[in-house]
Amino acid sequence: MKKFNLTSALFIALISLGLACKKENGSVRSNTVNSAKEFTAKFGAQKQTKEINASALPQTVTFLDGTKVTFPAGSLTKGGIPVTGSVTVEAYEVLKRSAVILTGANTNHFSGAPLASDGFVFIDVKSNGTSVDQNLAVPIQIAIPAKRDGVTQLWQGVDQNDKPLVAGDAAQMAWQAPRKANGVNVEVNAVASNFTFSFGNLGWINCDVFYNYTNPKTTVRVEVLNNPGSMASFHSYSGETYVYFCAKGSNVVAQLYTPDGANKVKSYDNMMPIGSEGRMFSFSIKDGKFYYAAVETTITANQNITLTLTETTEAAVQAAINSLDNY
C-alpha cells in the first residue's frame with residue numbers, strides 16, 4: 001500500500017513535469033556529466049585539504065561546514081613510527097541529507113537497520129603522499145556541528161566484508177560500532193551546538209541514531225522498471241542506479257541494494273520499520289542520460305513497490321535530491 005497526501009502528490013507531479021521536459025526553447029537541456037560516478041564526484045562531498053606540522057602537535061583544523069579535528073601529540077604514526085614534518089589532512093564533510101545522496105552514500109547500519117544521521121565525515125592524513133596508520137596511536141578529537149539537542153552515537157564506515165571503507169572502495173557502504181569501542185556503541189551529547197568526541201581511527205566517521213528502532217520490522221522489495229544500468233555501489237565506483245528510502249521528518253537515507261531478481265532490490269530482511277512514512281525513489285545516470293522515479297509511501301508488512309524510471313535532466317535530479325533536506 002502507498003499513502004499519499006496532497007502536498008507530496010503535488011510536489012511529485014511538479015517534479016514529473018520537469019522530468020518529462022527534455023527541451024527548452026527548442027534545444028536539449030545540457031547535462032554536465034555522463035555517468036553516475038561523474039555525478040557523485042562532481043556534486044557529492046568535495047575533498048578538502050589542510051597542511052599541518054606533525055612535529056608541532058597538538059593542532060586543530062576547521063573545515064568549510066564547521067567540522068573541527070584536533071590532532072594531539074603522538075597521534076600520527078606510519079608503520080608504528082611517529083610522523084614528523086608537514087602532512088596533509090584530507091576531509092569530506094557529509095552533513096545534509098542531500099549530501100549523503102549526492103555522494104552516493106547512505107545511513108545503513110551494518111545489520112541493515114536504517115539510521116538517522118547527525119552528519120558524517122571522512123578523514124585521512126598523508127605524509128609524503130601516502131596515508132599514515134589508520135589505527136591512531138592517540139585518538140583524535142572531532143567536533144561535528146549539531147542540528148539538534150540530545151544524544152547521538154558513533155559509527156565507523158565499513159564495507160560488506162566488515163572492513164573499513166576507504167576512498168575508491170567499490171563495495172557497499174554501511175556503519176558499525178568503532179573497533180576500539182569493543183562493540184559497544186559510544187554515546188555523545190550535543191554541547192555548545194556540537195557533537196564533540198574522541199575517535200581512534202581515521203576513515204569514515206559518523207554520528208547517527210537508530211531510526212524507529214522499536215517499531216515492528218519488515219522486508220521491503222522494490223522493482224525498478226526501465227532501468228538503464230546496474231545497481232550502484234558506494235560513490236558509484238560500480239553501477240549506475242540507486243534506490244533509496246528517505247523517512248519524512250527524520251534524516252534517514254536508507255539505501256536498498258541487496259539483489260532480489262532482475263532489476264529488483266530489497267531491504268535487509270526484517271529491518272524496515274512498519275508505519276514509517278517517506279519517499280521511495282530511484283535515480284540513474286548512464287551514457288549522459290538521467291532517469292528518476294519516486295513515490296510517497298508508508299512502510300507496510302512484506303511491501304512490494306514498483307518504480308518506473310523516466311528520462312529527465314541533470315537539473316531535475318539535483319532539484320529532487322536537494323528538496324529532501326527539508327522533507
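1. Which Phe and Tyr residues form one aromatic cluster? They are Phe39, Phe43, Tyr242, Tyr244, Phe281, Phe283, Phe290 and Tyr292. Rings of Phe, Tyr and Trp (its six-membered ring) count as a pair if their centres lie within 6.5 Å, with planes under 30 degrees apart called stacked, over 60 edge-to-face and the rest tilted.

2. A word on the ground rules. This is a predicted model, with residues numbered from 1 along each chain as its sequence is written. Local features need pLDDT of at least 70 and side-chain atom pairs count only at pLDDT 80 or more, while totals for chains, interfaces and linings use all residues; side-chain values use heavy atoms, leaving out hydrogens and water.

3. On confidence: pLDDT is the predictor's confidence in each residue, from 0 to 100. The protein chain has a mean pLDDT of 90, and 89% of its residues reach 70 or more. Over residues 1-7 the pLDDT is below 50, and this stretch has 15 contacts (heavy atoms within 4.5 Å) beyond near neighbours in sequence. Residues 9-17 also stay under 50, with seven contacts beyond four places in sequence. Where pLDDT is low, the predicted coordinates should not be read in detail.

4. Back to the rings. The structure holds 18 aromatic pairs. One of them is Tyr242 with Tyr244, stacked at 5.8 Å centre to centre with 5° between the planes. Both Tyr242 and Tyr244 are buried, where buried means under 20% relative accessible area, exposed over 50% and partly exposed in between (1.4 Å probe, protein chains only).

5. Of its 36 residues, Phe39, Ile101, Trp204, Phe281 and Phe283 touch the most other members. Elements giving two or more residues to this core include α2 (36-43), β24 (277-286) and α4 (314-322); α3 gives the most, with four residues. Helices (H or I, at least four residues) and strands (E, at least two) are DSSP runs, numbered from the N terminus. A second, separate core of 30 residues includes Val69, Val83, Ile142 and Ile205.

6. Phe281 deserves a look of its own. Neighbours within four places in sequence aside, Phe281 is in contact with residues including Ile101, Tyr242, Tyr244, Tyr292 and Leu324.

7. Next, an open sheet of four strands, in the order β21-β22-β18-β26 with mixed pairing. Two strands pair if DSSP finds at least two bridges between them. The edge strands, each pairing on one side only, are β21 (258-259) and β26 (304-308). Strand β18 (residues 221-225) runs parallel to β26, and five bridges join them. Val222 has Ile305 as its bridge partner in β26, and Glu223 stands opposite Thr306.

8. Last, two charges over rings (NZ of Lys or CZ of Arg within 6 Å of the ring centre and within 35 degrees of the ring normal). Lys217 lies over the face of Tyr213, at 5.3 Å from the ring centre. Arg279 lies over the face of Tyr327, at 4.3 Å from the ring centre.

Note on methods
A nonpolar core is a set of buried Ala, Val, Leu, Ile, Met, Phe, Trp, Tyr and Cys residues joined through side-chain atoms within 4.5 Å.
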